[in-house]
Amino acid sequence: MRVNVTVNGSQEAVDDVWEGESLLYVLRERMGLPGSKNACEQGECGSCTVYLDGTPVCSCLVAAGQVEGREVRTVEGLATAGRRDAAGDTAGRAAAGHDELDPVQQAFLEAGAVQCGFCTPGLIVQSHDLIERNPEPSDAEIREALAGNLCRCTGYEKILDAVRLAAKRKASAE
Amino acid sequence: MRPENRTSSTAPRNQAPIKSPGHVAAHVGPEGRGRVGDSPLRPDGTLKVAGEFAYSSDLWIDGMLWGATLRSPHPRALIRSLDIAPALAVPGVVAVLTHEDVPGVKFFGHDGTLDQPVLAIDQVRHQGEPIALVAADHPETARRAMEKIAIEFEVLEPVTDARAVIADPERHKVQPLGGITRHQPVRVGDVDAARAQAEVVVSGDFEVGMQDQAFLGPESGLAMPSEDGGIDLYVSTQWMHNDLEQIAPCLGLPEERIHMTLAGVGGAFGGREDLSMQIHAGMLALHTGKPVKMSYNRYESFFGHVHRHPASMHYEYGATADGKILYAEVEIVLDGGAYTSSTLNVTGNAASLGVGPYEIPNIRIDAYGVYTNNPPCGAMRGFGAVQACFAYESMMDRLAAATGLSPVEVRRRNAVSQGSKLATGQVIESPAPLADMLTRLEAMPLPPAADTSDIRNLPGGASQTTHGEGVVRGIGYGVGIKNICFSEGFDDLSTARVRLEVIGGEATVLVHTAAAEVGQGLVTLQAQIARSELGVRKVTIAPADTTVGDAGSTSASRQSYMSGGAVQKACHAVRDELLAMAERKFGSTYGQLYLDDGYVVSRWNGIVGPIEKVLGEDVIEATREFHHRPTQKMDPETGQGNSHTQLALCVHRAVVDVDTELGLVKVVEMAAVQDVGKILNRLSLEGQIHGGSAQGLGLAVMEEIVVAGGLVRNPSFTDYLIPTILDMPPMRLDILEHPDPDAPYGLRGAGEPPTLSSTPAIVAAVRDATGKALTRVPVRPEHIVA
């Protein structure tokens, strides 16, 4: 089947999608957007979290056909196009884009919230949503908001630091 | 295909450290100049937060096929017949392979014992054992075709009781090597004579359940036929050269025709030390002549790697009335499952570290690793030391109770220090300030009582199982000791190639090793070392691959020590060559040259010039191997010998609130004191201690692969629970730096020790709150309310 969907602001028509495919599979394998991760593919780990019409969802639990005509925003769509130099990256594929990282992404990087990084995209989308809704989250609110995102490396301490830092920076930027 | 990331470090930026608003001071920054001791940003971090880092499961190339693995549903069965024709007939299927298609040797094993079939031959010995492979144009096609492979099994009664194997190894052979994998005794002094003098005797039986590494990135990778008739392999692993030694014979190829590159690794924790899909994807690629991707889903991942050995242990200690231990009698039984994997060395660790960091004059330990039809077990963070630690720390608490001493005091009275002998007779030659660490831990402030006005602070949290009634606080302590680097005579080495040249007018270093970055931050550290040793700002870390020499495994907390040591050594060689070049180019009158902050300087005449001036168009490259000091095998009868390179200590205090009516536990806070010799990167180090402590928390109160009759009952993240951000409490850290003179920079491996001591500390705290004996981890609600 064909699926028409807006992904990171760009309107796309994806062909040859088999009805059993998830949004996660379509993003990763058909659209070249592997940033959303496949850690459990059953909605337990949160590593595949994306915005669907502005609401964070586990993209592994969304059937491809369900996104027809809707809007998806992935971790790849959080950075602001054209100005990534701020992140200080000088090599690799990212150099081509020079996008400016979202403050949540930058805070995860600086706070040491990234180790293996497999949980990171999902946690960043979920944290991004939290700060949008609640610009000054308490620790209890951060924990509650991120309770559906598993991380095996960090013990979550630096993730809390990252979210606090991102919230603080976003608040001072406004 | 998407290229492997070439990670690069940038010039350090000066930023003020940011103060955390949290009530526990967590450390953020500073980057400093990006040298040893600073906390520069991860060179791969920008890609990771942008979602652009290429993990092994992200690899994609035009025209690739998807591989799938048919696995045994039975823990033990004979294969009477196997018909692949129905699978081959499925449209989209390109190949179906069985053991008959293995091009070379049909067995592999990562620790030198080649007992694991690439694909089952005439029988299966554990649930999930690979039997056949399918390649198809869509992953779902491959999975559906796989289900059409027709197999007739003759199901046999599985051997699942590890103790029964010890009682009668011959009757319980599950494979040709069968029975007992290793029995390692440790004998010190005269236990029977000491028993007669003991004023206090305590004993206990303890169990540790099977824990899963539960790394988030699934086993996955891409195999591509190469022009020389070999294979290009992009996989996530912990030790490429060891993989290569196993893959090449099975694929019937010389090692030089298998080109391995490390793809992005989504965590490891020991679970990637054994092969998973490497040989299988290689077989499918060679057979079809096409690139083949394999990526396990979470269900398959639970069968796709080895786990932490479950343990059953009996301990008896005798002591004086004032708490000085006189003897220890210990039996440790580790269930290694169907194949050898790391069981030989896990058993060795359990034996050598069986009584922990305590001075005990008379010891009798018998540690056994055995074969059963349970899932194979091997390496996981802590590697044999974790299981023993739960038992010996539980014993220290029993001894405290029996002598009336506090848990901290009884540990202090028996604590090792520099110069003490371990159970193996090995003298601890570098600082081991355990008594001081305990004193510091005890002095750390305690968290306030739970604020019951917010129900989220209570056990059960928002599920509203209590408003404070029945909730009791407990405090517990745990101590652990872990060997760092490979032990028992293994010639442990790492190799680094360092290249210095001027690029764009700036001295630039390229560091190339085969060391696996699995998340721990080795890429950051390698760049820090190069900056420190050569005084440059710009360092690039080349992709890890097998075109450079062996780096050894990313395990045993060894890469900072070993690959860090190799990078330092190669940098020194580059530096020496640079100084010699300066002599040649600028004349010997300069004499006595040294490198200072990017400048070549003469002791007599001052600055010769910056590196850029000395180098000009020249390139300096050096490849060096680093070995740690030799170790010895444990004596097979007495366990004696200097078997370990380095030993590391961590101590934990846990504070818990327990709903004693429902058996729910909330860990309120963990505090840890760890001696790391030298802090190389505080930000990464704290992350290791937090993460290791979290895995210990998981083992304490939730994590277990439940196996019944050889069958795994909970192979999913729905049923196998790992700690969430709600489970993991704030931590207080006190990191000590007592340098080890034998180690690079004086460092001490740091990744594993916190995984040991956090588990017994939490269980001790739950015991303190409930008065229950709690002899098994993970502790479940029914153990508390029983």
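Predicted model: local features only at pLDDT ≥ 70, side-chain atom pairs only at ≥ 80, totals over all residues.
Local features need pLDDT of at least 70 and side-chain atom pairs count only at pLDDT 80 or more, while totals for chains, interfaces and linings use all residues. Residues are numbered from 1 along each chain as its sequence is written, and chains are lettered from A in the order in which they are written.

In chain B, helices H11 (residues 407-414) and H12 (residues 434-443) pack at about 165 degrees, with axes 9 Å apart. Axes are lines fitted to C-alpha atoms over the stretch in contact, and angles run from 0 to 180 degrees between N-to-C directions. H11(B) is therefore roughly antiparallel to H12(B) (an angle over 145 degrees). H11(B) contributes Val408(B), Arg411(B) and Arg412(B) to the contact; H12(B) contributes Ala435(B), Leu438(B) and Glu442(B). Contact requires C-beta atoms, placed from the backbone, within 7 Å.

Helix H6 of chain B covers residues 240-251. Its 12 residues should span 16 Å at 1.5 Å a residue, and the end C-alpha atoms are 16 Å apart, which agrees. The expected span is 1.5 Å times one less than the number of residues. Buried residues of H6(B) include Met240(B), Leu244(B), Ile247(B) and Leu251(B) (20 or more other C-beta atoms within 10 Å of the residue's own, all placed from the backbone). The buried residues pack against strands E5 (107-108), E13 (231-235) and E14 (258-262) and helix H7 (278-288) of chain B. Just after H6(B), Gly252(B) takes a positive phi of about 65 degrees.

The contact between chains takes 60 residues from chain A and 63 from chain B. H6(A) gives the largest share of the chain A side, 7 residues.

Technical notes. Helix = DSSP H or I, 4+ residues; strand = E, 2+ residues; numbered from the N terminus. Parallel < 35°, antiparallel > 145°, perpendicular 65-115°, else oblique. Contact = placed C-beta atoms within 7 Å. Buried ≥ 20, exposed ≤ 12 C-beta atoms within 10 Å, placed from the backbone.
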